[in-house]
Amino acid sequence: MSRRDDKSLLLLVGDAIGQTQILLSKHLALFQAEVGSAVGQVARPLILFLMAALFVLIGLFVLLVAIVKGLALLIGSEAIASLIVGGAFAAVALGLFAFGYRLMSLSNLEPMRTRRQLARDRDALRAR
């Protein structure tokens with residue numbers, strides 16, 4: 001091989017390495033954007049969970065006491081009134097939890113676009 005062929009080969013290898021670095025940095029940026037979007041999708045149901053807990057703990061606690069006292073006057077037993085009211089509000093809290101759980105999915109965290117792009121790049125490299 002001549003010196004000129006060696007220089008051309010070195011330039012080609014250097015260019016390939018540079019293009020590979022660019023490709024990897026673009027894949028990393030795509031992955032970061034996709035994960036950021038997935039975290040946003042998970043954050044919304046989590047905020048709903050926290051808001052539901054806040055309303056249940058603060059707003060309804062005072063109502064629970066008032067309802068138990070009122071029902072106890074009608075029934076004649078504060079213990080039975082507490083069980084009835086506590087069971088009803090536990091059912092509401094369970095419903096809120098089930099609604100938030102259905103909104104949250106681990107599949108939202110998968111970087112599908114990055115995976116598809118990597119597969120396309122792999123196929124393109126194999127075709128050469």
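Of the 128 residues of this protein, 12% count as buried, where buried means under 20% relative accessible area, exposed means over 50%, and partly exposed lies in between, with a 1.4 Å probe and protein chains only. The model is predicted, so to speak of local features requires pLDDT of at least 70 and side-chain atom pairs count only at pLDDT 80 or more, while totals for chains, interfaces and linings use all residues. Residues are numbered from 1 along each chain as its sequence is written, and side-chain values use heavy atoms, with hydrogens and water left out.

Next, the overall form. The radius of gyration of the protein is 30 Å, whereas a compact globule of 128 residues would have a value near 14 Å. That radius is taken over C-alpha atoms, and the globule rule is 2.2 Å times the number of residues to the power 0.38. Along the principal axes, the C-alpha atoms fill a box of roughly 105 × 25 × 15 Å.

As to secondary structure, the protein has 3 helices and 0 strands, in the order α-α-α from the N terminus. Helices (H or I, at least four residues) and strands (E, at least two) are DSSP runs, numbered from the N terminus.

What span should helix α2 have, at 1.5 Å a residue? Its 26 residues, 78-103, should span 38 Å, and the end C-alpha atoms are 38 Å apart, which agrees. The expected span is 1.5 Å times one less than the number of residues in the helix. The buried residues of α2 are A81, V85 and G100. Y101, also placed in helix α2, is exposed, with a relative accessible area of 58%.

I now come to contacts, meaning heavy atoms within 4.5 Å. Among contacts between residues at least 6 apart in sequence, 70% join residues at least 24 apart. Which residues does H27 touch, not counting residues up to four places away in sequence? They are T114, Q117, L118 and D121. H27 lies in helix α1, residues 3-75, and is buried, because its relative accessible area is 8%.

L118 is partly exposed at a relative accessible area of 42%. From L118 to V42, 76 residues apart along the chain, the C-alpha separation is 25 Å.

Two further residues of helix α3 deserve mention. R115 has its place in α3 and is partly exposed, with a relative accessible area of 48%. R115 and F31 are 84 residues apart in sequence and 8.8 Å apart in space, C-alpha to C-alpha. L125 is likewise found in α3, and at 57% relative accessibility L125 counts as exposed. L125 and V92 are 33 residues apart in sequence, and their C-alpha atoms are 56 Å apart in space.

Finally, the charges. The mean positions of the 14 positive and 8 negative charges are 4 Å apart. Lys and Arg count as positive and Asp and Glu as negative, while His and the chain ends are not counted; each charge is placed at NZ of Lys, CZ of Arg, CG of Asp or CD of Glu.
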